[in-house]
Amino acid sequence: MTIETSLGLLRVAVVGGGPGGLATAIALSNIPNVEVKVYEQASLLREVGAGISIGQNTWNVLELLGVADTLTSGHVTDVVGNLNGKTGEEIHRQVKTAPVKRPQIRTQRTKLQSALLAHVPPGVIELSKKLTRIVDIGNDGVELHFKDGTVATADLVVGADGIRSVVRDAAWPDYEIKFTGTTIWRALLPWDDVVKQDPRFATTAWWHGPTSHVWFSPVGEGLGEIAARSWQDPAVHSADKVSWGVPVGNAYVESHFEEYLPQIREVISWVKEGDWREFAAFAGPELSKLTAWDDKVVLVGDSSHALSGAFGSGAGFAMEDGWVLAQALRHYRNDVHRALPLFDRIRLPYYARMYAHLQGQAAQRAAKLAELGESPSYDDRVRVKIIKDGGSDMSWIYGNHIGRVWEDAISALEQGQTEDT
Ligand SMILES: Cc1cc2nc3c(=O)[nH]c(=O)nc-3n(C[C@H](O)[C@H](O)[C@H](O)COP(=O)(O)OP(=O)(O)OC[C@H]3O[C@@H](n4cnc5c(N)ncnc54)[C@H](O)[C@@H]3O)c2cc1C
């Protein structure tokens, strides 16, 4: 199907230079008659956090963006364990044996960011541009107001500004995110000495307590990552959980993992004072539309689905969003009134399925706990916590190929048009 109309230049303002914003900028830079700018609040583009998993779905979109070969650093995570953090009992082990072109890796977040940055054309990113509000100015588009007092205008604003999106707050003023009760502390460490403590630390693994876990994983280049998380009652802690990547003291982090094996506690104590960063997980409800203001605003990445890192693939989802958005604009020659509904049609059901899956998983866990009776043991609670999706097929997430999804959507569209005529 060819689209006859070709509209004039489309000025696109992408707010946020995380994985979603950078991927959107790369994909849009390849589209005729699109002028793209990325506005990022930070003065220096430096990812906070420690490591990130790059699975098959993420590799697929990185290939489409032309970035995959630039990401060369990481630790292959073909084996991932789930163990009891107090006893050391191994409860589950996932082993991938099928040969694949690009195996799943755990890498440093900065490596993914540098790989993406290498593909954003010069002059596209403007740093130190903290968006404070957007204003609908009718036929002239949308005004973007920044903290430094400057104003920019665009025909289309892409909110890639993460879970606390200012763009979303403007266009969906009733949307609210809430502290989920999960707090995560993350740090990187030289990993050779860690493995000397216990050879099992050479393998990527979760070490669990009933309401906490410690994630140990090498991330390549001699470094490894600790991501330790614990439940903190939202009724007590919501008020002081507002930020992302806040430095916290060692004693505070360590106090949450006192029942863990001595060698885990030892490694946790090696993090240099001042190196721990706290990430309080917030989540918000499903949106019924990812586009607003008569197709002048669209959300990609965490701003569009506040799932708080569930599925450990949010960077992949954000980049898929950006790539699909660009294809929809290309397909309809920058006609936002046709492209954005198509974007919605492709991405909304996908996110709806994720929200439904999370609800199902919570119910499954509650049912299993109820089966254990009034006072289940520590070890039983750990086992229930490690529900590996009850054997359900998760390839719709981890094996997703956004290029094929796009092709299927276009075939369905063409089929529909043929049937209509
Ligand atoms: C503990 C944890 C572990 C995770 N592990 C994984 C993993 O292994 N693999 C994976 O794929 N995903 C993982 N995720 C999810 C992933 O980190 C996010 O889904 C991903 O970073 C979302 O990308 P984004 O570009 O939408 O938003 P972000 O990465 O949040 O980027 C948003 C950008 O917008 C900028 N910004 C914000 N507000 C403004 C403003 N007002 N003006 C200008 N700029 C602004 C920010 O500075 C930032 O650069 C994890 C998440 C958590 C919490």
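The structure is a predicted model. The chain is divided into domain 1, made of residues 10-76, 100-176 and 287-420, and domain 2, made of residues 178-283. Between the centres of the two domains, taken over C-alpha atoms, the distance is 26 Å.

**Extent of the domain interface**

- The contact draws 23 residues from domain 1 and 30 residues from domain 2.
- The size of an interface is often expressed as the accessible area that is lost when the parts come together.
- Here, domain 1 and domain 2 bury about 2200 Å² between them, and 54% of this area is on carbon and sulfur atoms.
- Arg106, Arg164 and Lys385 provide 25% of the area that domain 1 buries against domain 2, which is more than any other three residues supply.

**Polar and charged links between the domains**

- Two salt bridges are counted between domain 1 and domain 2.
- The side chains of Glu221 and Lys111 form a salt bridge, with a distance of 3.1 Å from N to O.

**The side of domain 1 that touches domain 2**

- Strand E7 (105-108), helix H3 (109-117) and helix H11 (378-385) are the elements that each give two or more residues to this side of domain 1.
- Helix H11 gives the most, with four residues.
- Sorted by class, the side of domain 1 that touches domain 2 has seven nonpolar, eight polar and eight charged residues.

**Aromatic pairs**

- In the whole structure, 15 aromatic pairs are found.
- The ring centres of Tyr39 and Phe146 lie 4.8 Å apart and the ring planes are at 40°, so this pair is classed as tilted.
- Tyr39 belongs to strand E2 (residues 34-39) and Phe146 to strand E10 (residues 142-146); the pair therefore ties together parts that are 107 residues apart in sequence.

**The surroundings of His401**

- His401 is found in the loop between helix H12 (395-398) and helix H13 (402-420).
- Leaving aside residues up to four places away in sequence, His401 touches Asn60 and Leu64.
- His401 and Pro234 are 167 residues apart along the chain, and their C-alpha atoms are separated by 36 Å.

Key:
Residues numbered from 1 in each chain as written. Predicted model: local features only at pLDDT ≥ 70, side-chain atom pairs only at ≥ 80, totals over all residues. Heavy atoms only, no water. Domains from an automatic or database assignment. Contact = heavy atoms within 4.5 Å. Buried area = accessible area lost by both parts, 1.4 Å probe. Salt bridge = Lys/Arg side-chain N within 4 Å of Asp/Glu carboxyl O. Nonpolar A, V, L, I, M, F, W, Y, C, P; charged D, E, K, R; others polar. Phe/Tyr/Trp six-rings, centres within 6.5 Å; stacked < 30°, edge-to-face > 60°.
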